[in-house]
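The sequence and structure are shown first.

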Amino acid sequence: MFQRLATLLAAFLCLGLPVATAQEKAITLYAAPALAESGLPNYLLPRFSLKTGIGIRPADTPDAADVALLPAPQQGVPALRRRADGALFGVALGPSGADTAAGARAEQFADWLLSDIGQRTVAAFAPGETALFEGAAGRTATQEEAVFEGDAVLGKALSLRHCGRCHVVAPENRMKGLGSTPSFAALKALRDWQHRFQVFHVLNPHPAFTQIAEVSPPFDPMRPSPIAPMELTQGEVDAILAFVSGIAPADLGAPVLSR
């Protein structure tokens, strides 16, 4: 019996018929000319692909890319700074959308680049033994944190009512969040927390059940919200941002180092 199975498998291989085919995982990336000419993308991308198994192909324009590295802070979340002149470059997600497979992989690249390991990888790029860039995740041109004008008291109430279904928002619901979902304090410890909270409604899984008045498209009638929808106005989002800005970041400990 075993010999017969081995013979059949050999026949399939000889005929060139695949036993199993994995779908290619890839995204496209556009890098601003200043970055492309420096060689930094060619240094970063293999390291990201090695860690995640996601391939990256170049794109000719930002509009045609799943993710782009562009001058900041006008475009994207600040991610790296050129040492020679202090010029900032940001990472921006393309038009594919976070609810698509390519969009989710692009978001994974952005998260990696903004993480401690991504920032250290940027700083380690040193052609000719000279480091050209440094990590700049979460920075702005003036190094000033944004001030949010919303009602923080209202923001806390809204966060507990809506976000508290999954996240630990404050001591009042510390035993009610989902264990797999980060607390607000943990999110606040991330360098790009402002960006995450400002655009949370387009980051998975929120688009499936979140509606921001005059911002979000209506739910697809064929794909209604799987839970009671979270419906907010832009003013209420500002209130949540004001509340979160006053939260003390969680102490997540030192980054894990490997040799």
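This is a predicted model: local features need pLDDT of at least 70, side-chain atom pairs count only at pLDDT 80 or more; totals for chains, interfaces and linings use all residues.

Helices (H or I, at least four residues) and strands (E, at least two) are DSSP runs, numbered from the N terminus.

Within helix 5 (residues 116-124), Gly118, Gln119, Thr121 and Val122 are buried, that is, under 20% relative accessible area with a 1.4 Å probe, protein chains only. These residues line one face of the helix, because they fall within an arc of 155° when seen down the axis of helix 5; the arc is that of the directions from the helix axis to the C-beta atoms.

## Nonpolar cores

A nonpolar core is a set of buried Ala, Val, Leu, Ile, Met, Phe, Trp, Tyr and Cys residues joined through side-chain atoms within 4.5 Å. The largest one has 29 residues, of which Leu29, Leu35, Val91, Phe109, Leu113 and Phe133 touch the most other members. Helix 4 gives this core its largest share, six residues.

Not counting residues up to four places away in sequence, Phe109 touches Ile27, Leu29, Leu45, Phe48, Ile56, Val67, Leu69 and Val91.

## Whole chain and conventions

Nine helices and eight strands make up the secondary structure of the chain. Of its 259 residues, 37% count as buried.

Residues are numbered from 1 along each chain as its sequence is written, and side-chain values use heavy atoms, with hydrogens and water left out. Local features need pLDDT of at least 70 and side-chain atom pairs count only at pLDDT 80 or more, whereas totals for chains, interfaces and linings use all residues.

Note on methods: Buried means under 20% relative accessible area, exposed over 50%, partly exposed in between (1.4 Å probe, protein chains only). Contact means heavy atoms within 4.5 Å.
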